[in-house]
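This briefing is intended for a reader who wishes to relate the sequence of a protein to its fold. Please examine the chain shown below before turning to the notes.

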Amino acid sequence: MRGFWRRKDATAAAAALWKFRTLSTATACRAVVLPRFGGPEVLEFRSSVEVPDLKPQEVLVRARAISINPLDLRVRSGYGRSIFEPLLPLILGRDVSGEVVAVGASVSSLVLGQEVFGALHPTAVRGTYADYCILSEEELSVKPSSVSHVEASAVPFAALTAWRALKCTARISEGQRLLVLGGGGAVGLSAIQLAVAAGCSVSTICGSKSIERVMEVGAEDAIDYKTETLECCPGVQEGLYCCPFYIGSQTTSPWLSIF
């Protein structure tokens, strides 16, 4: 009898503990789904899409804001078809900002009710175009109170792309001089700030509308790719490490020919 009560007490304690690991019992939510590849017209709004059970290291986030990345548009049009076509329908979206409403059994760094932001892996099948999003604990960070959910949702995927390029590929170090091509875009703007924080001197090439913004975040020189050349900024070209952060071939890409 004593053993029975011990087991019963342990079961009740475990249930009570789990109760405090979730603020939501949602099993379905609204989502925008990609049933087939094509233009924007193929996207479908569905009022009831399953919310899967959490794995031990996963976190359920109630989305307050998401962003649309160029990668989302490319996947929608068929990019990565060999990977994604067998998995259709998909939920697109990589970035999200919101609140933690449930955590897996092994999650230790986040608690219920925290405001967080983060980005999914590029190959994720269940993206962030939904009321509830599932990310791993390591894909999320606590959202600074100084930024809104809308602002926070625009940061993660672009910033991580810039971080990986600078730290993992280019392996930048303090004292280097960098030329960031496409500094006015989300990835380029992130790259400027990350490079400056790492102790690098940064020059950038961007459009005229972005010059004031890139200078505000730390660029020492900004060159309008439509009207200027490197010669407009004496000494800029010497010793530069070129980091291209742009999409397309009709804007800053001709500048690659100088390297």
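The model is predicted, and local features are reported where pLDDT is at least 70. The chain comprises seven helices and 11 strands. Of its 259 residues, 42% count as buried. Among contacts in the chain with a separation of 6 or more, 67% involve residues 24 or more positions apart.

**The five-stranded sheet**

- Five strands form an open sheet in the order β6-β3-β4-β5-β7, and the pairing is antiparallel.

- Strand β3 (residues 58–67) and β6 run antiparallel and are joined by five bridges.
- Tyrosine 132 in β6 is the bridge partner of arginine 62, and isoleucine 134 in β6 is the bridge partner of leucine 60.
- Is β6 mostly covered or mostly uncovered? The strand is mostly covered, since five of its five residues are buried, that is, under 20% relative accessible area.
- Tyr132, Ile134 and Ser136 point one way from β6, while Cys133 and Leu135 point the other way. The residues on both sides are all buried.

**The second largest pocket**

- The volume of the second largest pocket is about 320 Å³.
- This pocket is lined by 13 residues, of which Val155, Ala159, Ala186, Ser190 and Gln193 are the closest to its centre.
- Which helices each supply at least two residues of the lining? They are α5 (156–169) and α6 (186–197).
- The largest share of the lining, five residues, comes from α6.
- By class, the lining consists of nine nonpolar, three polar and one charged residues.

**Backbone geometry in two loops**

- Leucine 88 and proline 89 are joined by a cis peptide bond, with omega at about 0°.
- The location of proline 89 is the loop between α3 (81–84) and β4.
- Arginine 171 is found in the loop between α5 and β8 (177–181).
- The phi angle of arginine 171 is near 55°, which is a positive value in a residue other than glycine.
- Arginine 171 has a relative accessibility of 63% and therefore counts as exposed, the cut-off for that class being over 50%.

- The C-alpha atoms of leucine 23 and glycine 113 are 7.9 Å apart in space, although the two residues are 90 residues apart in sequence.

**Aspartate 224: a buried strand residue**

- Aspartate 224 lies in strand β10 (residues 221–224).
- With a relative accessibility of 9%, aspartate 224 counts as buried.
- Which residues are in contact with aspartate 224, once its neighbours within four places in sequence are left aside? The contacts are with Cys206, Gly207, Ser208 and Ile211.
- Aspartate 224 and isoleucine 211 are 13 residues apart along the chain, and a distance of 7.5 Å separates their C-alpha atoms.

**Glycine 182: a buried loop residue**

- The loop between β8 and α6 contains glycine 182.
- Glycine 182 has a relative accessible area of 11%, so this residue is buried.
- The C-alpha atoms of glycine 182 and tyrosine 225 are separated by 9.1 Å, with the two residues 43 residues apart along the chain.

Definitions and conventions
Residues numbered from 1 in each chain as written. Predicted model: local features only at pLDDT ≥ 70, side-chain atom pairs only at ≥ 80, totals over all residues. Heavy atoms only, no water. 1 Å grid on protein atoms, 1.4 Å probe; cavity = no way out; pocket = protein on both sides within 12 Å on 5 of 7 lines; lining within 4 Å. Points joined across faces, edges and corners; volume = space filled by probe spheres on them. Helix = DSSP H or I, 4+ residues; strand = E, 2+ residues; numbered from the N terminus. Nonpolar A, V, L, I, M, F, W, Y, C, P; charged D, E, K, R; others polar. Pairing = 2+ DSSP bridges. Buried < 20%, exposed > 50% of the residue type's maximum accessible area, 1.4 Å probe, protein only. Contact = heavy atoms within 4.5 Å.
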